[in-house]
Amino acid sequence: MDDSAHISLGLARYVRAVAEEVGVPPEGTEFEVSDTATAYLGLEGPGRDLMLLWTEQRGWSIAVETDPTEKPLVIAHLGLPLVPPPDAVARFVDDVLAGKPGSPEPEFGVTHDRRRLANRLAEYL
């Protein structure tokens with residue numbers, strides 16, 4: 001299996017594990033592996049539509065859903081590591097929904113090292 005296939009399968013299973021911890025049903029999740037790897041989980045928030053986003057450049061963040069033609073408004077970042085355990089992501093979501101601030105926007109840089117990303121997601125294969 002090549003790195004792209006490992007990333008796709010690993011990310012699919014990682015997103016499923018995070019969704020289970022956060023309480024998001026499978027139909028509320030999406031992921032894509034193209035020139036970058038990304039994931040989306042729809043969240044139930046108090047009074048506004050929120051989303052939990054993951055990118056290989058920024059890791060996990062929570063954003064307010066906006067008009068589909070506009071970029072989402074990020075309100076909190078989880079920070080390092082890039083692929084944290086699902087329970088750490090769930091704690092982050094709980095903390096943000098409780099009003100606690102997230103970390104500053106992380107600077108992972110662009111990860112074009114697909115082998116490294118595949119290795120980070122390997123435990124979910």
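Guide: Let's talk strands, then rings, in this predicted model.

Guide: Local features need pLDDT of at least 70, side-chain atom pairs count only at pLDDT 80 or more, and totals for chains, interfaces and linings use all residues. Residues are numbered from 1 along each chain as its sequence is written, and side-chain values use heavy atoms, leaving out hydrogens and water.

Visitor: Is strand S4 mostly covered or uncovered?
Guide: Mostly covered: six of the six residues in S4 (59-64) are buried, meaning under 20% relative accessible area with a 1.4 Å probe, protein chains only. Strands here are DSSP E runs of at least two residues, helices H or I runs of at least four, numbered from the N terminus.

Visitor: Which strand pairs with S4 over six bridges?
Guide: S3 (residues 49-55), in the antiparallel sense; pairing takes at least two DSSP bridges. S4 also runs antiparallel to S5 (residues 73-77), with four bridges.

Visitor: What does isoleucine 62 face in S5?
Guide: Its bridge partner there is alanine 76, while leucine 52 stands opposite isoleucine 62 too.

Visitor: Switching topic, how many aromatic pairs are there?
Guide: Two, counting Phe, Tyr and Trp (six-membered ring) centres within 6.5 Å; planes under 30 degrees apart are stacked, over 60 edge-to-face, the rest tilted. Tyrosine 14 and tryptophan 60 are tilted, at 6.0 Å and 50°. Tyrosine 14 is in helix H1 (residues 3-22) and tryptophan 60 in S4, so that pair ties together parts 46 residues apart in sequence.

Visitor: And which residues make up the ring cluster?
Guide: Tyr14, Trp60 and Tyr124, linked by ring pairs.

Conventions
Buried < 20%, exposed > 50% of the residue type's maximum accessible area, 1.4 Å probe, protein only.
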